[in-house]
Amino acid sequence: MNQVEILRFALRGLLANKMRSALTTLGVLIGVAAVILLVAVGEGSSRSIQQNIQRLGANTLTISPSFSGGGGFGGPGRGGGNTGPRTQARPLTLADAKALTDRAAAPSVRSVSPVVTAASATAAYGAASHSVAQLVGTYPSYFEATNKPVEQGTYFFNDDVLAARKVIVLGRTVVEELFGTVDPVGKQVSVSGVPFTVVGVLKEAGSSGTQDADDVAVAPLPAVQQSLSGFGSLSSIVVQATGAAATTTAQAEVTAVLNQRHGVTASPDYRILNQAALQETVSEATGTFTVLLAAVAAISLLVGGIGITNIMLVTVTERTREIGIRKAVGAPRGAILGQFLMEATLLSLVGGLLGVLVAFVGTRFSVAGIQPVLVPSSVALALGVSVGIGLFFGGYPANRAARLRPIQALRHE
């Protein structure tokens with residue numbers, strides 16, 4: 001008996017019980033589709049998080065004040081001992097930012113952008129008004145450091161900073177709320193009662209969770225300090241390293257400079273957010289999360305395999321007389337074994353292929369705001385495992401059928 005005849009007998013056996021075969025196939029289908037879809041959701045969430053991090057720049061350090069620190073014990077001029085009173089935490093200042101531009105002390109630093117933010121700033125143009133989520137006062141280097149390219153017009157320049165000119169670059173959301181489809185470049189907007197001239201529009205960045213990254217306005221630091229925030233401490237300092245590989249070195253240099261300026265000997269009074277380290281940590285976490293999702297989904301594949309074993313055992317019992325007749329007329333043991341293995345493999349293969357199709361359709365839709373990303377390796381693995389499950393779980397019923405003695409099989413009722 002050749003392979004074509006074995007396949008024909010296997011198909012005839014499966015089609016004799018269409019409903020039972022369909023339900024068995026459904027178990028494998030659900031398992032394969034679940035594995036592929038959950039891996040796709042994990043991959044999609046990983047890429048989404050990494051894209052949000054990359055918007056701030058992969059070689060960027062963000063320094064923010066941390067008033068839970070306190071410099072150290074004793075502090076400069078007090079002997080630096082550990083028994084004196086705790087020094088008061090110092091805010092970040094423009095002098096701190098200028099110190100970080102010293103090439104001798106921080107050779108891995110490419111640019112430094114001091115940042116102040118104005119709270120509750122309302123922009124108005126004509127009859128339209130909009131409460132800007134984030135109004136930033138900074139230097140021109142901020143645009144490159146935080147990966148905020150200008151789509152229309154231009155950004156402001158160092159001359160604008162030195163002259164404290166009231167010019168502003170708007171995010172796409174602010175433009176749509178104030179101007180609609182009108183070109184805003186060259187127009188004058190009122191920001192909390194202070195007139196600013198629009199010189200550029202930022203490229204659309206999209207939303208990050210509940211925060212709209214395009215609901216932002218950026219203006220020269222002195223102009224914001226004079227008109228809106230006052231000449232107090234900085235909200236943060238954005239430092240751009242000379243390259244992604246130099247980010248860790250730049251962080252060490254920044255830490256050394258700030259520790260010296262703030263008299264830190266123990267707990268620092270500032271925090272440094274390293275985008276490269278954060279991205280690496282998130283990649284590891286989401287990778288583990290994706291593997292966990294796939295492992296949970298693989299349980300349904302195992303259940304589908306057990307279903308194949310159950311159905312094939314029932315099939316062998318029902319067709320015992322048929323097996324006896326075929327063996328009595330000369331069918332070899334290999335033919336009987338091959339037929340039942342073929343049936344089990346066909347069930348799992350058809351279920352696997354249908355599962356891949358369902359998963360492919362499923363990745364066309366977003367899940368909880370995340371767009372799944374189909375991973376080809378997960379498709380190949382899930383399909384291969386489904387076929388392997390058919391062979392493995394179909395092996396015992398097939399071997400049981402092949403071992404039946406003809407005389408016993410013919411006597412079976």
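**Briefing: salt bridges, nonpolar cores and a surface patch**

Leu 354 lies in helix H11 (residues 333–362); helices (H or I, at least four residues) and strands (E, at least two) are DSSP runs, numbered from the N terminus. This is a predicted model, in which local features need pLDDT of at least 70 and side-chain atom pairs count only at pLDDT 80 or more, while totals for chains, interfaces and linings use all residues. Residues are numbered from 1 along each chain as its sequence is written, and side-chain values use heavy atoms, with hydrogens and water left out.

**Surface patch**

- Leu 354 is partly exposed, with a relative accessible area of 38% (buried means under 20% relative accessible area, exposed over 50%, partly exposed in between; 1.4 Å probe, protein chains only).
- Together with Val 350, Leu 357, Phe 360, Val 361 and Phe 365, Leu 354 forms a nonpolar patch on the surface, with about 550 Å² of accessible area in total.
- Patches are made of residues with over 30% relative accessible area and no salt bridge, like charges being joined within 9 Å and nonpolar side chains (Val, Leu, Ile, Met, Phe, Trp, Tyr) within 5 Å.
- Accessible areas come from the Shrake-Rupley method with a 1.4 Å probe, and for residues only the protein chains shown count as cover.

**Salt bridges**

- The structure holds 4 salt bridges, each defined as a side-chain nitrogen of Lys or Arg within 4 Å of a carboxyl oxygen of Asp or Glu.
- One of them pairs Glu 144 with Arg 110, with the closest N and O atoms 3.1 Å apart. This pair links distant parts of the chain, 34 residues apart: Glu 144 is in helix H4 (residues 141–145) and Arg 110 in strand S2 (residues 109–118). Glu 144 is partly exposed at 48% relative accessibility, and Arg 110 is partly exposed at 48%.
- Arg 172 and Glu 151 form a salt bridge at 2.8 Å, N to O. Because Arg 172 lies in helix H6 (residues 172–179) and Glu 151 in strand S6 (residues 150–153), the pair ties together parts that are 21 residues apart in sequence. Arg 172 is buried at 16%, whereas Glu 151 is partly exposed at 47%.
- Arg 165 and Asp 160 form a salt bridge, with the closest N and O atoms 2.9 Å apart. Arg 165 is partly exposed at 40%, whereas Asp 160 is buried at 11%.

**Nonpolar cores**

- The largest nonpolar core has 41 residues, of which Ile 63, Leu 100, Ile 168, Ile 237 and Val 239 touch the most other members. A nonpolar core is a set of buried Ala, Val, Leu, Ile, Met, Phe, Trp, Tyr and Cys residues joined through side-chain atoms within 4.5 Å.
- A second, separate core of 22 residues includes Val 28, Ala 344, Ala 359 and Val 379.
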